[in-house]
Amino acid sequence: MPNVAQAQNRKEKDKPTTVLVDAHNNNNNNIAGQTSTDSLALQKHLRAGEGGMVEHVRRLQVQEDTETEATSTGGVNQRGHGRRLQGVSTQEIPYGIIMVQGDQIPPPPATNIMKICIVDTGYDSNHPDLRSDQFSSGLNGFASIGFWYDDEIGNGTHVAGTVAAIDNAEGVVGVYGDPTEYSLFISKVSPGFSEASISASLIACRDAGAKVIAMSTGGFNFTGIENVLKDLYDNDILIFAGAGDSGDTASFYPASFKTVVSVAAVDQSENVANFSQRNDQVEISAPGVDIYSTLPENNYGFKSGTSMASAHVAGSAAKIWSSFTACTNNQIRNTLLRTASVSGQQSSWTSTQGWGVLQAKSAFDQLETYGCDYGGPTDPPQGQELSDLALGGRDQLGSLTHAPTPAPTINSADVS
């Protein structure tokens, strides 16, 4: 990995032009900002179903006003903030981490280092709240869009902070506050990318040994990667993606593939975000409105989108799975759904929130009490693959309605 001086020189020399379209304003109702001719062309390209980034080119909240300037320099504003850590005046746990119980997940065994792949716009490896040692690696962007350890747009760095911002007395804390408990692989992509490039990014995640993938890419006619995703699922990899940010009932891909967990966005009151997709593949929900996290150039700020929601679920799933490694991806997936809730109560499936808001500690507790069978059978029926158990969205839980006989403790296979 290059040193800081090299990285800074490269950023100034090779920084590409980026496009942001349809940025949300503070209340996520009206469009804020202007769009250039190029950005309007890209928007048309995306609405034609040819693919692209979810948040960066379609209805993404990007804070560039005085409010964000204050937060990035240490100021505090009430919007989107969570709980200050006792005795640490400059560090907080964002509200989203608290809502999904991400701060309550017990640490995994030291020997179980889970690798998480983030398919997004890159990663600011120089940020003080993100790890930058040998446990972070990645795939450079295609078509000369840059190095994985640079993030000119900022979405990937923001997602990474929700997953894994370090508990270090400054900034924010992610689901993984302890940098010794995980490793990251960053697969850099860019707005308007081809399906072939996304496929290559996903294969790189698999080859790097990732068990959990968080994706911020997609489109409405983005169906050419279905077989790659099926192969990943059959290799016991769990994939999460934002449900989409158009606020309608259209199927957004890859989230709407059955082998991908489609994550909807809710606000601080657990109300579904007005931009979040509503369809029969929505599977679970998590905070995605006014999410405070890391940004490039040592900054912090707010973003809204279903990618922000997906980051909460992907990070929590990885940390839970690290303690129950005998479970399959499908069992972890089903456990997350079975323990999700709406306003603290379990509810039936809806097209807006799926099976409810993620409750990570509850999912951990059920696996600790009942074992992996809480999420269904370990092995698919004879002649079938894990992907045959992936029904997706409304149908994912199938007949899983009752808890099995409790197991007395976590067995050794679960924590090896």
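Q: What makes a contact in this predicted model, and what do the buried residues of H8 pack against?
A: Contact means heavy atoms within 4.5 Å. By that rule, the buried residues of H8 pack against helix H7 (195-207), strand E10 (212-215), strand E12 (238-242) and helix H10 (329-338).

Q: Which residues of H8 are called buried?
A: Buried means under 20% relative accessible area. In helix H8, residues 226-234, that label goes to Val228, Leu229, Leu232 and Tyr233.

Q: Why is Ala169 called partly exposed?
A: Buried stops under 20% and exposed starts over 50%, with partly exposed in between. Ala169 has a relative accessible area of 42%, so it is partly exposed. You will find Ala169 in the loop between helix H6 (155-164) and strand E8 (171-172).

Q: Why does Glu297 get the label partly exposed?
A: Its relative accessible area is 45%, so Glu297 is partly exposed. Glu297 belongs to the loop between strand E15 (291-295) and strand E16 (299-303).

Q: What makes the backbone at Ala169 worth a look?
A: Most residues other than glycine have a negative phi. Ala169 is not a glycine, yet its phi is positive, about 75°.

Q: What kind of peptide bond joins Tyr253 and Pro254, cis or trans?
A: The bond is cis, with omega about 15°. Pro254 lies in the loop between E12 and strand E13 (261-266).

Terms used. Residues numbered from 1 in each chain as written. Predicted model: local features only at pLDDT ≥ 70, side-chain atom pairs only at ≥ 80, totals over all residues. Heavy atoms only, no water. Buried < 20%, exposed > 50% of the residue type's maximum accessible area, 1.4 Å probe, protein only. Helix = DSSP H or I, 4+ residues; strand = E, 2+ residues; numbered from the N terminus.
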